[in-house]
Amino acid sequence: MSLEAYKKMFLIRMAEEQIATYYLKNKIISLIHFYVGQEAVAVGICDALQKNDRVMGNHRSHGHYLAKGGDLKKMICELFGKECGSSHGKGGSMHMIDTSVNFIGSTPILSSAVPLSCGSAFEQKYHRSNAITVVFLGDGAFEEGGVYESLNLAALLKLPLLIVLENNLRSINTRLWERRSMAYDTEKIVTGFGVRYIKADGNDYYDVLSKAGELIAEARVGKPALIECMTYRHMAHSGPNFEEETREEDIFEMRKNKDSVAKMRREILASGVSEKEILVIEDGIRTTILNAITFADNAPLPKKESLYTNLYV
Ligand SMILES: Cc1ncc(C[n+]2csc(CCOP(=O)(O)OP(=O)(O)O)c2C)c(N)n1
């Protein structure tokens, strides 16, 4: 059992819960899309990567950023709009970046990171770096045209690229079956371009880890791939609510039985780690998060003179 993976998943979950609390206190300037429920995907994928592999994200990327090892303090500072944030307080939740761990950026324009990730993978191949690029996108973003051009380009140029499709069945509140014809077949679309495809259980860290590992090994030698992780977003599309009224499923039942973080905790207990040991670890993680929040809360805002620096105007 991977206690390290549990620590990362718990960090993401607890950071999101605290962010939700501070969002309600109007401390957070940025619009937030919470990642709660999808942690096994980000951690499973990033645990299968090397440090020099690059990751790109989207509008829902706190989990991707933290799973790749992004700095927690800088992330919270960014959400609070502070100078010490990863984008100096000017980017917010949807522009996460930490180049020190090769989390090379996230962008909220749906699917726009996919062609960019092809560029990154092309550079890696050109310089024979042996590293790959991974890009995360949702099922809604998968319907954007740029994705299909990227699939074609990736196969044609044999790019070291892994596309991670996080299928939570929703694009805002529009469900998959309300957006696609009955004939729509993701696997056929992807493989039709010459890109490898595997489906994984996004609620299971080990399933994601092993299937991603297989695809990443191939991507490294120029066989691009897409992994579709079936997952479940617990919270509203954006903002800190659970949005029960728009769900067919009983969200609290889902959290109890199918939630990947709770499942991993049960497995770790069953493997012989004691409840007491887990509680100590969890308390340590909560303290780290609260320290980051206190730091961000007391940190200075960007200076007026820096209003136009690092901006395209
Ligand atoms: C090009 C573009 N169109 C529309 C939007 C507005 N928008 C933001 S998030 C979103 C839904 C995205 O759904 P999905 O890709 O499945 O990701 P999820 O939110 O489920 O993680 C939409 C339509 C956008 N940001 N960019």
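**Exercise 1. The second largest pocket**

State the volume of the second largest pocket, name the residues that line it, and sort that lining by class.

Solution. The structure is a predicted model.
- Step 1: about 230 Å³ is the volume of the second largest pocket.
- Step 2: its lining is made up of Ser86, Ser87, His88, Lys90, Gly91, Asn310, Leu311 and Tyr312.
- Step 3: by class, the lining of this pocket holds two nonpolar residues, five polar and one charged.

**Exercise 2. The ligand shell**

Determine how many residues surround the ligand, how they divide by class, and which polar contacts the ligand makes with His59, Pro108 and Leu110.

Solution. 
- Step 1: the ligand is surrounded by 15 residues, with His59, Arg60, Gly140, Ala141 and Asn168 the closest.
- Step 2: this shell contains five nonpolar, six polar and four charged residues.
- Step 3: the cut-off for a polar contact is a pair of N or O atoms within 3.5 Å. In the side chain of His59, an N or O atom is 2.8 Å from an oxygen atom of the ligand.
- Step 4: on the backbone side, a nitrogen atom of the ligand lies 2.9 Å from an N or O atom of Pro108. For Leu110, a polar backbone atom is 3.1 Å from a nitrogen atom of the ligand.
- Step 5: the ligand taken alone exposes 580 Å², of which the protein buries 75%.
- Step 6: His59 and Arg60 are listed among the residues closest to the ligand and also among those closest to the centre of the largest pocket.

**Exercise 3. The largest cavity**

Count the cavities of 30 Å³ or more, then work out which element gives the most to the lining of the largest cavity.

Solution. 
- Step 1: the whole structure contains two cavities of 30 Å³ or more.
- Step 2: the largest cavity has a volume of about 40 Å³. Its lining consists of Met9, Asn203, Asp204, Tyr205, Tyr206, Ser260, Lys263, Met264 and Glu267.
- Step 3: The most come from α11, which gives four.
- Step 4: the lining of the largest cavity has four nonpolar, two polar and three charged residues.

**Exercise 4. The second largest cavity**

Which residues line the second largest cavity, and how many of its lining residues are charged?

Solution. 
- Step 1: the second largest cavity holds about 30 Å³ of space.
- Step 2: Gly57, Asn58, Thr107, Ile109, Ser111, Ser112, Ala113, Val114, Val135, Phe136 and Leu137 form its lining. Two or more of the lining residues come from each of α5 (113–126) and β3.
- Step 3: β3 provides the largest share of this lining, three residues.
- Step 4: the lining has no charged residues, with six nonpolar and five polar.

Conventions
Residues are numbered from 1 along each chain as its sequence is written. This is a predicted model: local features need pLDDT of at least 70, side-chain atom pairs count only at pLDDT 80 or more; totals for chains, interfaces and linings use all residues. Side-chain values use heavy atoms; hydrogens and water are left out. A residue is near a molecule or strand if one of its heavy atoms lies within 4 Å of it. A polar contact is a pair of N or O atoms within 3.5 Å; within protein, one must be able to donate a hydrogen and the other to accept it, and residues adjacent in sequence count only if both atoms are side-chain atoms. Accessible areas come from the Shrake-Rupley method with a 1.4 Å probe; for residues, only the protein chains shown count as cover. Ala, Val, Leu, Ile, Met, Phe, Trp, Tyr, Cys and Pro count as nonpolar, Asp, Glu, Lys and Arg as charged, and the others, Gly among them, as polar. On a 1 Å grid over the protein atoms alone, a cavity is a set of points where a 1.4 Å probe fits but cannot get out, and a pocket is an open set with protein on both sides within 12 Å along at least five of seven lines; lining residues have an atom within 4 Å of a point. Grid points are joined across faces, edges and corners, and a volume is the space filled by probe spheres set on the points.
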